[in-house]
Amino acid sequence: MASARQRGWWRGIHFLALGVLCFFVIACASSTKSMSTSAVSLHNPLAPVADPFIVYHNKSYYLTGTHTGNSLEIWHSPRLEDVGHSAKTIWTPATGEPAFQVWSPSMFLLDYQGSSHWFVYFTAALTDKNEDHRIYVLQSQGSDPLGPYVYKGQLTGTANETAIDASILQLNGKLYMMYVLERGTNATYLAPMSDPLTVSGKPRLIIDPDQPWEQGFQAHSTYPVAEGPEALYHDGKTFIVYSASDTGNYNYCLGLMTYQGGDPLESSSWHKKGPVFEYSSDNGVFGPGRAHFTTSPDGKQSWMVYHAKTSADFTYDGREVRAQPFTWNADGSPNFGVPVSLKQPLNPPSGE
């Protein structure tokens, strides 16, 4: 029979073992919680790309934008926070195709001749000169966003003049091409389309950069800019979100056009407001612009992607894709809030 002293010794060993076990259980739980928190966080920037355009299709995000070189890429992932990790090149220029200054692609799933195809509209030039920019288009052979794609040449119906930043507006059952013509300013024009490969009417000026915040507003460059138009739809309302000021300026920002009804080719059918999203010195975000929009997988959240940089200096370098959710005002207009700091992790889109 053990003595009282022996029983006390064994009891001490028992409590010590329990203490060590509890320590490891708590440590492991803490580590697991930390790993879980890290795994479900979205950290900006998402990709070293400018002029982003994103779609959510068949449970995956597809991102494209202005990249280095003269090819076009699509990044893709089921998770928005991982979208910059995997890219596929969908087009590299062949001999005789535009091989310079390949910019600002946008992609749309549209009906054409009885079937659905992806169309990628992009800016490029046959020589390394800005004035040679034209709008070109690719068409997917099937309905896969990753292609394969067929090069269709310059967008039929567009004139032989400097043009950039093509995107599609769908309104009242009709298709329109939005793009920027450089006629002393970067201004946004709208033209009707008879099908995804054909502009069928004269472009009409709808966004004239006539406001101080569209003209640099005492920044380095005071060249008037209203570029990068992208359509945004919500609760029966139609908006065009565009970028203003020079993209090299710290105060590159977003403007908003709201459709008021009537002929969309008339500038009087649109109401301008801005800036609706601009730089934040406190958060270290400068030159936020070129926004495009998507939703969370469950459809309950609205998200935007845009490019921005961390320097207030006048430079085109350092522009990278960032993402953050946004909300809607009582009047149905978007409330983009303030660009978040790179130091701030975000919850990923709901439903991932």
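Q: Which element gives the most to the lining of the largest pocket?
A: This is a predicted model. In the model, strand 14 gives the most to that lining, with five residues. The elements giving two or more residues to the lining include strand 1 (50–57), strand 14 (226–234) and strand 18 (286–295).

Q: How much space lies in the largest pocket, and which residues lie nearest its centre?
A: The space is about 500 Å³. The lining has 23 residues, and V55, A231, Y233, H292 and F293 lie nearest the centre.

Q: What makes residues of the largest pocket's lining nonpolar, polar or charged, and how many are there of each?
A: Asp, Glu, Lys and Arg count as charged, and Ala, Val and Phe are among those that count as nonpolar. On that basis the lining has 16 nonpolar, six polar and one charged residues.

Q: How does the lining of the second largest pocket divide by class?
A: It divides into six nonpolar, five polar and seven charged residues. That pocket has a volume of about 390 Å³. Its lining is made of 18 residues, with W103, N186, E227, T247 and Y316 nearest the centre.

Q: Why is the pair D51 and R290 called a salt bridge?
A: The definition asks for a side-chain nitrogen of Lys or Arg within 4 Å of a carboxyl oxygen of Asp or Glu. The closest N and O atoms of D51 and R290 are 3.1 Å apart, so the pair meets the cut-off of 4 Å. The bridge links distant parts of the chain, since D51 is in strand 1 and R290 in strand 18, 239 residues apart. A search of the whole structure finds eight salt bridges.

Q: Why does R290 count as buried?
A: Buried means under 20% relative accessible area. R290 has 5% relative accessibility, so it counts as buried. D51 is buried too.

Q: Are R79, E81 and D82 buried or partly exposed?
A: Buried means under 20%, exposed over 50%, and partly exposed lies in between. E81, at 9% relative accessibility, therefore counts as buried. R79 has a relative accessible area of 28%, so it is partly exposed. D82 is partly exposed because its value is 24%. Elsewhere, salt bridges that share partners join D51, D165 and R290 into one network.

Q: Why is S280 called buried?
A: S280 has 9% relative accessibility, so it counts as buried. It is found in the loop between strand 17 (270–277) and strand 18. Leaving aside neighbours within four places in sequence, S280 is in contact with V285, V338 and P339. A polar atom of the S280 side chain lies 3.1 Å from the backbone nitrogen of N283.

Q: Why is N58 called exposed?
A: Exposed means over 50%. N58 has 64% relative accessibility, so it counts as exposed. This residue is in the loop between strand 1 and strand 2 (60–66).

Q: What makes the pair N58 and H57 a polar contact?
A: A polar contact needs N or O atoms within 3.5 Å, and adjacent residues count only if both atoms are side-chain atoms. The side chains of N58 and H57 are in contact at 3.3 Å, so the pair qualifies.

Q: Why does N172 count as exposed?
A: At 56% relative accessibility, N172 is over the 50% limit and so counts as exposed. N172 is in the loop between strand 9 and strand 10 (174–182). Its phi is near 55°, a positive value in a residue other than glycine.

Q: Where are cis peptide bonds found?
A: One joins N44 and P45, with omega about 0°. Another runs from G147 to P148, with omega near 15°. P45 is in the loop between helix 1 (4–39) and strand 1, while P148 is in the loop between strand 7 (133–140) and strand 8 (149–154).

Definitions and conventions. Residues are numbered from 1 along each chain as its sequence is written. This is a predicted model: local features need pLDDT of at least 70, side-chain atom pairs count only at pLDDT 80 or more; totals for chains, interfaces and linings use all residues. Side-chain values use heavy atoms; hydrogens and water are left out. On a 1 Å grid over the protein atoms alone, a cavity is a set of points where a 1.4 Å probe fits but cannot get out, and a pocket is an open set with protein on both sides within 12 Å along at least five of seven lines; lining residues have an atom within 4 Å of a point. Grid points are joined across faces, edges and corners, and a volume is the space filled by probe spheres set on the points. Helices (H or I, at least four residues) and strands (E, at least two) are DSSP runs, numbered from the N terminus. Buried means under 20% relative accessible area, exposed over 50%, partly exposed in between (1.4 Å probe, protein chains only). A polar contact is a pair of N or O atoms within 3.5 Å; within protein, one must be able to donate a hydrogen and the other to accept it, and residues adjacent in sequence count only if both atoms are side-chain atoms. Contact means heavy atoms within 4.5 Å.
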